[in-house]
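Please look over the sequence and the structure below.

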Amino acid sequence: NIPSCEAEAVKLFSNSYLAMRVAFFNELDSFALNNSLSSKNIIEGLSYDQRIGAIYNNPSFGYGGYCLPKDTKQLVKNLDGCPKALVSAINHSNEQRKEFIVNYLIEQNKNTYGFFRINMKESSDNFRESPSIDLIKALANSKKNIIIYEPLLDADNYHGIKVINNLDQFKAQADIIVANRWEPGLSDCMDRVFTRDISFRIDTK
């Protein structure tokens, strides 16, 4: 057994490391998107290095949820008086990633932006600090027309955004489908899907 204060340090450093890893691969993906490169190919190349490995390398719109943002912020506080430049930059990088994705989507200049699922992860009903929600809010502030497909929402709107829980109707109305994570239900409209999920991509630059 280890002392409780060290166990707490394990938790904070573990979650901060995972957040840093997410932020790192998201910055890699932003570079690839900005330069019309295949992030999938770059990440697969990195993954051959056994020191890096192939786990937790999949880009996203950013991390959210309860643990990663909270524990990273807490670790920054706990490191008062210690060098903390790296840890201090993690959450800032995550916010920059979401801003980058929002700006990219605005540049696409679509009539209707359809968000496919806004839960944190598959089979989860947790929407807390979901990066997709942050993207939705930013696009709404830019006066973009937005619809949401989220079968876990038993309502016809979410904070004023129209919810369509019939997938076929949703796909018919969306000019671009924004999906943090790919699901097979999108396979018939891949030409309109924007995702940074490399788990299925040939590549969607």
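In which strand is the place of threonine 112? Threonine 112 sits in strand β1. This is a predicted model, in which local features need pLDDT of at least 70 and side-chain atom pairs count only at pLDDT 80 or more, while totals for chains, interfaces and linings use all residues. Residues are numbered from 1 along each chain as its sequence is written, and side-chain values use heavy atoms, with hydrogens and water left out. Helices (H or I, at least four residues) and strands (E, at least two) are DSSP runs, numbered from the N terminus.

**Strand β1**

Threonine 112 is buried, with a relative accessible area of 11%. Buried means under 20% relative accessible area, exposed over 50%, and partly exposed in between (1.4 Å probe, protein chains only). Contact means heavy atoms within 4.5 Å. Leaving aside neighbours within four places in sequence, threonine 112 is in contact with Asn145, Ile147, Gln173, Ala174, Asp175 and Ile176.

The rest of β1 is covered too: 5 of its 5 residues are buried. Thr112, Gly114 and Phe116 point one way from the strand. Tyr113 and Phe115 point the other way.

**The sheet**

Strands of a sheet pair through backbone hydrogen bonds, either parallel or antiparallel. Here two strands count as paired if DSSP finds at least two bridges between them. In what order do the 6 strands form the open sheet? The order is β3-β4-β2-β1-β5-β6, and the pairing is mixed. β3 (157-158) and β6 stand at the edges with a single partner strand each, so one side of each is left without a neighbour in the sheet.

β1 pairs with strand β2 (residues 145-149) in the parallel sense, over 5 bridges. Phenylalanine 116 stands opposite tyrosine 149 in β2. β1 also pairs with β5 in the parallel sense, over 3 bridges. In β5, isoleucine 176 is the bridge partner of tyrosine 113. Isoleucine 177, also in β5, is the bridge partner of glycine 114.

**Aromatic pairs**

How many aromatic pairs does the structure hold? It holds 5. Rings of Phe, Tyr and Trp (its six-membered ring) pair if their centres lie within 6.5 Å; planes under 30 degrees apart count as stacked, over 60 as edge-to-face and the rest as tilted. Two of the pairs are set out here.

| Pair | Centre to centre | Angle between planes | Class |
|---|---|---|---|
| Tyrosine 104 and phenylalanine 194 | 5.2 Å | 25° | stacked |
| Phenylalanine 116 and tyrosine 149 | 5.4 Å | 10° | stacked |

Tyrosine 104 lies in helix α4 and phenylalanine 194 in strand β6, so their pair ties together parts that are 90 residues apart in sequence. Both tyrosine 104 and phenylalanine 194 are buried.

Phenylalanine 116 in strand β1 and tyrosine 149 in strand β2 are 33 residues apart, and their pair links distant parts of the chain. Phenylalanine 116 counts as buried, at 2% relative accessibility. Tyrosine 149 is buried as well, with a relative accessible area of 12%.

**Helix α4**

Helix α4 covers residues 85-108 and has 24 residues. From its first C-alpha to its last, α4 reaches 35 Å, close to the 34 Å expected at 1.5 Å a residue. That expected span is 1.5 Å times one less than the number of residues.

Where is the kink in α4 centred? It is centred on asparagine 91, with an angle of about 30°. The bend at a residue is the angle between axes fitted to the seven residues ending there and the seven starting there.

Asn91 is among the buried residues of α4, which also include Val87, Ile90, Arg97, Lys98 and Tyr104. The cover over these buried residues includes α1 (4-34), α3 (67-78), β1 (112-116), α5 (131-141), β5 (176-178) and β6 (193-194). After α4 comes asparagine 109, with a positive phi near 55°.

**Helix α5**

In α5, the buried residues include Pro131, Ile133, Leu135 and Leu139. The buried residues of α5 pack against α4, β1, β2, β3 and β4 (161-163). Lysine 143 follows α5, and its phi is positive, near 65°.

**Cysteines**

A disulfide is a covalent bond between the sulfur atoms of two cysteines. The search used a cut-off of 2.5 Å between a pair of cysteine sulfur atoms. Across the whole structure it finds 0 disulfides. Cysteine 67 is partly exposed, with a relative accessible area of 41%. Cysteine 189 is buried, with a relative accessible area of 2%.
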